[in-house]
Structure formats: structure tokens, C-alpha cells
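Please prepare a briefing on the model shown below, grouped by topic and with the cut-offs behind each term.

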Amino acid sequence: MFAVEEINRDPQLLPNLTLGFHLYNAYHSDASTLESSLRWLSGQGRLIPNYSCRKQDKTVAVIGGGTSALSVQMGSLLNLYKVPQISYGPFDSILSDKVQFPSLYQMAPKDSSLHKGVVRLIVYFEWNWIGLTVSDDMRGEQFLWKMRAEMVKNGVCVSFTEKIPVSERRHTESQETFMPRIMTSSTKVVVIHGDTDSLMILRYSQVPFFTVPKVWIATAHWDITVRHLHIEGHAFHGALIFSYLTSEIPGFKAFLKAITPSKYPDDILLRRFWFSVFRCPDQAESPALEICSPNASLETLPLCSFDMTMSGLSYTIYNAVYALVWTLHEMFMRKSENRPMADEEYLVPHSWQLHSFLKNTQFINSAGDQVFVDEKRNSEAQYTIMNYLFFSNETDGLVKVGQFVPKTSLSEDFTICEDAIVWGWWGSKVPQAVCSDPCGTGFRKTPLEGQAACCFDCARCPGGEISSHTNAEQCTKCPEAEYPNKQRDRCLPKTVAFLNVEEPLGMTLVFVAVSFSLLTALVLLIFVKFQDTPIVKANNRTLSYTLLISLIFCFLCSLLFIGRPTPVTCLLQQTVFAVVFTVAVSSILAKTMIVVLAFRGVRPGSRIRTFLNPRVSNYVVLICSGVQVILCSTWLGTAPPFPEADTHSEYGHIIIRCNEGSVLAFYCVLGYMALLALASFTVAFLARNLPDTFNEAKFITFSMLVFCSVWASFLPTYQSTKGKAMVTVEIFSILASSAGLLGCIFIPKCYVILLKPERNTQGQIRNKMDSRSS
């Protein structure tokens with residue numbers, strides 16, 4: 001009505017002609033659509049195929065098809081007569097088939113980017129568990145596939161898919177059960193895509209008084225004005241609607257404000273609408289009675305009854321009317337060049353004649369938008385995002401909260417004002433539409449077998465790994481020089497650690513080592529001072545000095561293990577330890593051999609006497625120690641020890657320690673030393689009861705028992721410990737075994753030398769020998 005009146009007032013368009021129109025109702029029914037189309041073709045309300053009863057008025061084109069299904073029904077019939085049909089419903093690629101629908105034109109903008117805008121909205125609010133409800137036709141199927149593909153790319157999962165049948169047109173009698181399934185689903189966000197018919201079926205399929213909180217995301221053709229009961233509004237309170245972003249047509253709102261039934265007395269539809277929305281008595285529908293509220297205005301009606309803003313469908317109809325008028329205008333201009341103005345034949349063109357002009361028609365409407373009839377040149381739809389609100393006083397409203405404009409830069413195509421959105425049941429709080437609660441930092445997602453990717457459990461990152469963002473697919477390892485914090489959400493630099501002399505443990509070990517070495521040096525001084533006494537001379541005085549000196553170095557070599565390892569200290573640690581301990585053990589072996597040989601060689605003429613020479617014991621020490629030196633040299637020449645950073649032994653620390661280099665060489669050196677210790681223990685054990693005045697065999701036996709026990713326990717302990725504990729165990733074994741040798745062999749002698757000097761004389765020795773002989 002608005003477009004026709006505007007055109008008739010324009011002196012430039014169709015001069016000397018008055019434009020009119022007929023309205024036919026499709027009743028949302030396939031049969032009614034065909035019937036109305038036949039009535040239009042026949043004229044004057046009659047159903048006479050292939051015959052027209054019109055005389056004065058002549059209609060040449062049809063604007064119709066609010067849905068694809070209705071457009072198909074109309075197009076199948078109108079195409080037989082080559083009548084141009086302009087569809088104002090949502091764009092459908094099926095209707096673009098010019099072989100099947102050569103007379104049908106679509107004026108609606110293309111919705112090819114709508115799915116991207118919906119997914120952008122979903123991703124913005126971090127939803128990933130979404131329900132999809134589409135019309136059960138090819139258009140709905142195409143949207144479904146596009147949505148699924150876009151959701152997969154953005155990590156969003158489909159909770160369920162429901163299809164609204166397009167064949168059901170009796171909305172109030174709909175018995176579909178998909179609405180209860182939707183309402184009982186676990187998802188909190190449901191995307192609805194369809195046309196006005198399918199959305200009406202969905203609304204009438206609601207279960208009364210059965211409401212579950214949902215966030216509805218509706219696409220462009222959610223017609224809010226078809227709601228028939230106010231109480232139904234609360235179910236869709238807070239819905240987000242993608243409406244066409246259209247320019248405002250000048251004068252349209254003023255036209256709506258001025259509309260009254262008295263201004264258009266022949267408009268039956270307006271009269272009945274007026275009775276309905278202004279609550280007039282039923283009998284007032286009689287044309288003989290006056291209209292109630294004659295001075296009322298449509299502006300005062302709530303949104304559920306009437307929307308003063310031009311909808312996307314209305315905007316398309318407005319452009320469709322102008323497209324036909326510009327087509328007729330072009331035809332008349334062409335014909336006027338060839339025929340005189342008085343010839344009235346050119347004023348009544350045939351319908352088929354419009355096609356050659358219609359497909360090339362383009363113009364700029366009163367809102368300043370470029371309009372094309374050619375579908376290939378149709379613009380991409382732009383969307384404004386509206387928030388539907390239903391208030392407690394049974395009024396409703398639409399509030400713009402954002403927009404989606406495809407074909408612009410990625411940072412500007414989508415905008416949303418989160419603070420302006422009312423979330424219905426959730427108030428100002430954004431609902432959480434997720435299958436599983438997000439995994440926080442320090443955790444990773446573990447998929448659930450047989451379920452969607454959005455459904456998962458959360459597992460804590462294993463040791464040495466972190467996740468610094470939510471919903472991490474995998475944890476990442478920290479660099480070697482860093483370690484995870486307790487929350488395992490970031491890496492911290494490791495502390496460099498070694499057995500430091502400034503630490504309490506290091507200071508204690510240094511103190512013990514130095515103290516024992518000084519004590520050993522004191523024993524050596526005592527032996528040197530009392531070197532002429534019988535107890536010092538017994539069992540080879542030189543070997544005693546050698547053993548004491550080697551014990552001093554044994555205690556001091558433990559200091560090589562304390563402090564930050566260097567290449568030099570790593571080379572000296574094990575080799576010095578092995579050599580000095582070999583000297584000590586070989587000295588003990590030589591001492592025990594002398595005791596045994598002394599008693600074996602007391603018989604006259606025995607050859608064993610030749611081995612009692614002091615040089616022989618020296619050779620034993622030199623040969624045994626020389627073998628160890630050769631082993632250590634081979635070790636240093638092939639795979640010497642070296643300092644290394646151990647990043648795994650202790651949590652949060654980098655342990656600087658000496659790597660043995662060749663583990664085989666290390667255990668060969670220890671094994672050789674163990675072999676000498678075992679030989680010393682065996683010989684000393686056999687000689688423990690020999691009748692000698694100062695027989696050391698008993699003391700050596702006990703000392704070697706202590707020595708072997710310490711080093712036997714060292715091996716498993718050393719293998720089971722890591723980091724600084726390995727070094728501490730080795731130092732403790734060195735100090736303990738050395739202290740055992742010192743205490744068991746020399747402390748009893750010092751006791752006699754210092755506290756019992758009367759027992760350390762030649763006379764006392766003779767008395768003991770006489771008492772034994774008697």
C-alpha cells in the first residue's frame with residue numbers, strides 16, 4: 001500500500017497511469033496457494049483455467065512467496081503462462097534454477113554468510129554445545145551442512161539436530177514432538193533457522209507450562225508479530241535474532257501512524273486486524289457497525305501485535321513493487337518511441353513481455369540502496385543482531401545489541417555489545433553452553449570415548465609439563481633449565497645445586513674429613529715419636545707409616561667431592577680416591593701377609609724366610625697400587641669423568657655433578673679394590689689366632705670387616721640415590737671406611753703407647769713370652 005501510493009504520487013514514474021494491486025491469501029497451505037493463483041489468473045474470484053474474466057483491470061505480474069514452499073507452488077502454475085513472479089521470501093538457491101523456474105525472480109539478499117555470523121556469535125560467548133533446529137527442506141539442509149562445517153572449524157559441537165516439517169501448514173493443530181525433545185536436551189543454546197511457516201510450527205509445538213531455560217538464536221525470518229498469545233513470549237525472552245540490516249525508508253513510519261480503517265474503508269484485512277488488536281467486540285466485525293477506537297494509532301500497539309519498523313520481508317516487497325514499476329516504465333518509454341501516445345494498446349502489456357526488461361532492471365530506492373533484479377548481482381545480506389525482551393507487564397521489545405556485516409575486514413565484520421544483552425532466565429550473566437566444564441590451567445583435556453570432541457574429562461599435567469591456557473589439548477614440557485610450579489601452569493627457572501661447602505651438610509663433611517685427617521696425622525706423629533718401641537716396630541713399621549699417610553689422603557680426598565665440580569676435580573675425584581685406598585688396602589694386605597709368613601718361616605731351612613725381607617712388603621704395595629694406577633690411566637684415557645648438569649634427579653634443581661664417563665671402568669676400579677680388601681680380610685682372618693705378642697691380625701680382621709661392610713652397602717645405596725645424595729653417600733663411605741681402618745688398627749696401639757707404656761717394653765714382652773712357654 002505504501003509503495004503503490006508513493007509511486008502514484010511520483011510524476012516521473014508511469015505518468016498518466018494509476019498503479020493498483022490485488023491481495024490473495026495463501027493461508028500457508030499448498031492447496032490454498034494453488035487455488036488463489038488460479039483465482040488470480042481467472043479473475044473476479046472465479047476458477048476457470050485458461051480463461052480470464054477481467055475486463056478493465058489487467059494484472060501483469062505477481063509478488064508472492066513468503067516461503068520457498070509457497071514460491072514453488074505458485075511458480076509451477078504461473079510458469080505455464082510465463083507470468084513474472086517475484087519472490088520476497090528468503091533466498092533459496094533451488095529457486096535460482098532457471099530451467100525449472102524461468103519466470104521466477106528472487107529479490108531477497110543472499111544468506112550465504114549467515115552461518116558464519118551465527119558461529120561468530122557462538123564463539124564470542126565461548127559456547128561449544130549447540131542444538132540446531134532447521135526446516136526440513138533443501139534450504140534448511142544446506143544451512144545445516146554449512147553450520148556443521150563452520151562449527152567444526154571453530155571447535156563447536158552439535159548437541160542435537162531437529163528438523164521442522166514444511167508440509168505441516170495447520171499450525172494450531174500441529175502434533176509434532178520435536179519441541180519437547182528440544183526443551184529436555186542438555187544444551188542451553190539452540191539455533192533456529194527457517195521461514196515464517198516453520199517457525200510458527202515450532203512455536204505452536206510448545207508444551208504449555210513446560211519451560212526450560214534456553215538461549216534461542218533465530219535467523220533472519222523470525223516474525224515476532226505472529227505471536228497469538230502474550231503468555232508465550234516468556235519462553236523466547238532473551239532470544240538473539242539475526243535480522244536483515246536495512247536502511248530506513250523515508251515516510252514509512254508516518255504512513256503507518258496515519259493508517260485507520262476509515263481511511264481505507266474497502267480494506268477488509270485492515271478492518272479485521274483493527275478489531276483483533278484493539279480488542280473490539282466480535283459483533284463489530286459486521287460492516288454495518290462502527291469501528292471501535294477509530295482515532296487509535298498502530299504506534300500504540302505492543303511489538304507482539306504490530307512492529308512499526310519495516311521488516312526484512314517488507315523491505316523486499318517494497319523493492320519488488322518498485323522493480324516492477326521501473327520495468328513497466330522502461331517498457332512504456334520504449335514503446336512510446338514507436339507508437340503514438342493515443343494508442344492504448346501499449347498501456348496493457350502482456351505478462352511475458354516483462355521478462356526481457358525485468359531481468360536487466362536496476363535502480364536506487366528512496367533509502368539510497370542499489371537494487372538489482374538479476375539474482376547473480378544480488379547483494380550479500382547484512383544483519384543486525386536484536387535481543388528480544390518480554391516484560392512482566394506482557395509487553396515485549398527488540399533491542400539492537402550488535403551486527404554482522406560480511407565482506408568487510410575480519411576485525412570489523414562482527415560487533416556485539418555484551419552489556420546490552422538481557423539473557424532471559426540468566427539475567428545479566430552469560431550462560432555456559434558447554435558439554436564439559438573447561439579445563440583450567442595445569443590440566444589437559446582427555447576425550448571421552450564415543451562422545452563429541454567437546455565432551456571431555458580434565459587430567460592434571462604429568463610431571464615436568466604445564467598448560468598455560470584453558471582447555472589445552474596437550475601439556476607442554478618445560479625446557480631443561482626450568483621446572484613446573486605447583487599449579488603446573490608456568491615454568492620456573494631451576495636452581496643450580498651441588499654439594500656446597502657453605503651448606504650445613506657440606507660444612508659438616510668438611511669438618512669431619514679435616515678432623516679425621518688431623519687425627520690420623522696425630523697418630524702418625526705418635527708413631528714417629530715412639531718409633532723405637534716394640535709395638536711400633538712390630539708388623540713392619542714402614543707399612544704402618546705408609547698406611548697412616550694413605551689414610552690421611554683418604555680423608556682429604558673426600559674434599560674433592562665437595563664444591564662445584566670442574567673438569568679437573570672430576571678427573572681427580574675417583575682416581576685419587578681409588579689410588580690412595582688401594583695403597584691403604586695393599587698396605588694392610590702386606591702387613592697380614594708378613595704375619596702369616598713369619599709364623600710359616602720360623603722353621604729352620606724354610607724358603608719362606610726369603611719373603612720376610614722388608615722389601616717384599618714394599619713390592620706388594622707397589623705392585624698392587626701399580627695395577628690400580630694402570631686401571632685409572634686406562635679409564636682417563638678412554639672415557640674420563642666430566643662435569644654434567646643433571647636436570648631430572650631433583651625437582652626444581654639442576655644438579656651439577658661428575659659423570660663417571662665409563663661406568664664399566666668405574667666398577668672395575670671398585671671391583672679391584674674390593675678384591676684386595678677381600679684378600680686382606682681372608683688372610684687376616686686366618687692369622688687372627690697366631691701367638692704373636694703384637695699380632696695385628698685380629699684388629700685388621702675387624703677393620704676389614706667394617707671396611708667391606710661399608711662398601712658392600714655403598715653399591716646398592718649409590719645406585720638407588722640421585723643428585724647430591726649420590727655424592728653424599730660416596731663421601732660418607734670414604735670417611736666411614738677410613739675411620740674404621742684408623743680406629744680398629746691404630747687406636748688400640750695409641751692406647752697402649754700413651755696410656756699403658758709399661759706394656760710397651762722389652763721386659764714386659766719377655767714376661768709374656770715366658771708365661772706362654774711355661
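Does Lys477 count as buried or exposed? Lys477 counts as exposed because its relative accessibility is 67%, where buried means under 20% relative accessible area, exposed over 50% and partly exposed in between, with a 1.4 Å probe and protein chains only. The model is predicted, so that local features need pLDDT of at least 70 and side-chain atom pairs count only at pLDDT 80 or more, while totals for chains, interfaces and linings use all residues. Residues are numbered from 1 along each chain as its sequence is written, and side-chain values use heavy atoms, with hydrogens and water left out.

**Individual residues**

- Lys477 lies in strand E17, which covers residues 476-477; helices (H or I, at least four residues) and strands (E, at least two) are DSSP runs, numbered from the N terminus.
- Not counting residues up to four places away in sequence, Lys477 touches Gly464 and Glu465, a contact being defined by heavy atoms within 4.5 Å.
- Between the C-alpha atoms of Lys477 and Pro462, which are 15 residues apart along the chain, the separation is 9.3 Å.
- His115 belongs to helix H4 (residues 114-124), and it counts as buried because its relative accessibility is 7%.
- Once neighbours within four places in sequence are left aside, the contacts of His115 are Phe143, Lys146, Met147 and Glu150.

**Backbone exceptions in loops**

- Most residues other than glycine have a negative phi.
- Asn16 is not a glycine, yet its phi is positive at about 70°; Asn16 sits in the loop between helix H1 (2-8) and helix H2 (30-42), and at 74% relative accessibility it counts as exposed.
- Glu126, also not a glycine, has a positive phi of about 60°; its place is the loop between H4 and strand E4 (129-135), and Glu126 counts as exposed at 64% relative accessibility.

**The sheet of E20, E22 and E21**

- An open sheet is formed by 3 strands in the order E20-E22-E21, with mixed pairing; two strands pair if DSSP finds at least two bridges between them.
- Strand E20 (495-497) and strand E21 (642-646) stand at the edges and have a single partner strand each, so one side of each is left without a neighbour in the sheet.
- From one strand to the next, the twist averages 25°.
- Over 3 bridges, E20 pairs in the parallel sense with strand E22 (residues 653-659), and Ala497 stands opposite Ile655 in E22.

- Strand E6 (residues 189-193) pairs with E7 in the parallel sense over 4 bridges, and Val190 stands opposite Trp216 in E7.
- E7 is also joined by 2 bridges to strand E8 (residues 240-244), and these two strands run parallel; the bridge partner of Ile217 in E8 is Leu240.

**Helix packing**

- Helix H12 (residues 504-529) packs against helix H14 (residues 541-557) at an angle of about 165°, with the axes 8 Å apart; axes are lines fitted to C-alpha atoms, for helices over the stretch in contact, and angles run from 0 to 180 degrees between N-to-C directions.
- H12 and H14 are therefore roughly antiparallel to each other, since angles over 145 degrees count as roughly antiparallel, under 35 as roughly parallel, 65 to 115 as roughly perpendicular and the rest as oblique.
- The contact between these helices includes Phe516, Leu524 and Phe527 of H12 and Tyr545, Leu548 and Phe555 of H14.
- The residues of the contact of H12 with H14 divide into 14 nonpolar, 3 polar and no charged, where Ala, Val, Leu, Ile, Met, Phe, Trp, Tyr, Cys and Pro count as nonpolar, Asp, Glu, Lys and Arg as charged, and the others, Gly among them, as polar.
- The axes of helix H18 (residues 697-720) and helix H19 (residues 724-755) come within 8 Å and cross at roughly 175°, and H18 and H19 are therefore roughly antiparallel to each other.
- Among the residues that make this contact are Phe699, Phe707 and Trp711 of H18 and Glu730, Leu741 and Ile745 of H19.
- The contact of H18 with H19 divides into 18 nonpolar, 5 polar and 1 charged residues.
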